[in-house]
Amino acid sequence: MKTWSRILFFHHFSVFSIIFFFAVIPFAPSCSQKTSGYYFEQGKHYEAEGDYIHAIQCLTKAIEKNPQFIDAYLKRAWLHFSQDSFASAISDYSKIIELKPTTNNSEIYYLRGISYYRFLKDSLACKDFNTSCELNLNKGCDAIRKFCKK
């Protein structure tokens, strides 16, 4: 009788394993199912380690997963700027302004202005500094006095 109960136990266990495998495993996250938040956190991790290339790659994946992810654009723009990739930084700052046009983007206009200035686009830089100043950002007004010809 003990042998027969062992067979039933293992049969029950095997059926349970098969059900678990087919019912639960497909819902486990795979590489293709990682969220934008996951990639954003990975990007922050790489940034903290000083690995800006991988940080930018992760932030790009976060944006691909969620094209409205403002914080990912902002962090990626800063990383591009810190790598002297001013055109890429300008593109990301512009996307933020496009996604949130009614928000007070004074800081974003200022940062994009600095990127334009470093990219040797003085007239565009001054235009953004002026916009940030009009939105009551003192740094924007200071940048006009410092970088823009009257």
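Modeller: A term to begin with: a nonpolar core is a set of buried Ala, Val, Leu, Ile, Met, Phe, Trp, Tyr and Cys residues joined through side-chain atoms within 4.5 Å. Buried means under 20% relative accessible area, exposed over 50%, and partly exposed in between, with a 1.4 Å probe and protein chains only. This is a predicted model, in which local features need pLDDT of at least 70 and side-chain atom pairs count only at pLDDT 80 or more, while totals for chains, interfaces and linings use all residues. Residues are numbered from 1 along each chain as its sequence is written, and side-chain values use heavy atoms, with hydrogens and water left out.

Colleague: How many helices and strands does the chain have?

Modeller: There are eight helices and zero strands. Helices (H or I, at least four residues) and strands (E, at least two) are DSSP runs, numbered from the N terminus.

Colleague: And how many residues are in the largest nonpolar core?

Modeller: That core has 31 residues, and those with the most contacts inside it are Phe 40, Ala 62, Ala 72, Tyr 93, Tyr 110 and Phe 129. Two or more residues each come from helix 2 (36–48), helix 3 (52–65), helix 4 (70–82), helix 5 (86–99), helix 6 (106–118) and helix 7 (122–134).

Colleague: What does Ala 72 touch?

Modeller: Not counting residues up to four places away in sequence, Ala 72 touches Phe 40, Leu 59, Ala 62 and Ile 63. Contact means heavy atoms within 4.5 Å.

Colleague: Now His 80: is it buried or exposed?

Modeller: His 80 counts as buried because its relative accessibility is 12%. His 80 lies in helix 4. Apart from neighbours within four places in sequence, His 80 contacts Ile 56, Ser 85, Ser 88, Ala 89 and Asp 92.

Colleague: At what angle do helix 4 and helix 5 pack?

Modeller: The angle is about 160°, and their axes are 8 Å apart. Helix 4 is therefore roughly antiparallel to helix 5. Axes are lines fitted to C-alpha atoms, for helices over the stretch in contact, and angles run from 0 to 180 degrees between N-to-C directions. Angles under 35 degrees count as roughly parallel, over 145 as roughly antiparallel, 65 to 115 as roughly perpendicular and the rest as oblique.

Colleague: How do helix 6 and helix 7 cross?

Modeller: Their axes come within 8 Å and cross at roughly 165°, so helix 6 and helix 7 are roughly antiparallel to each other.
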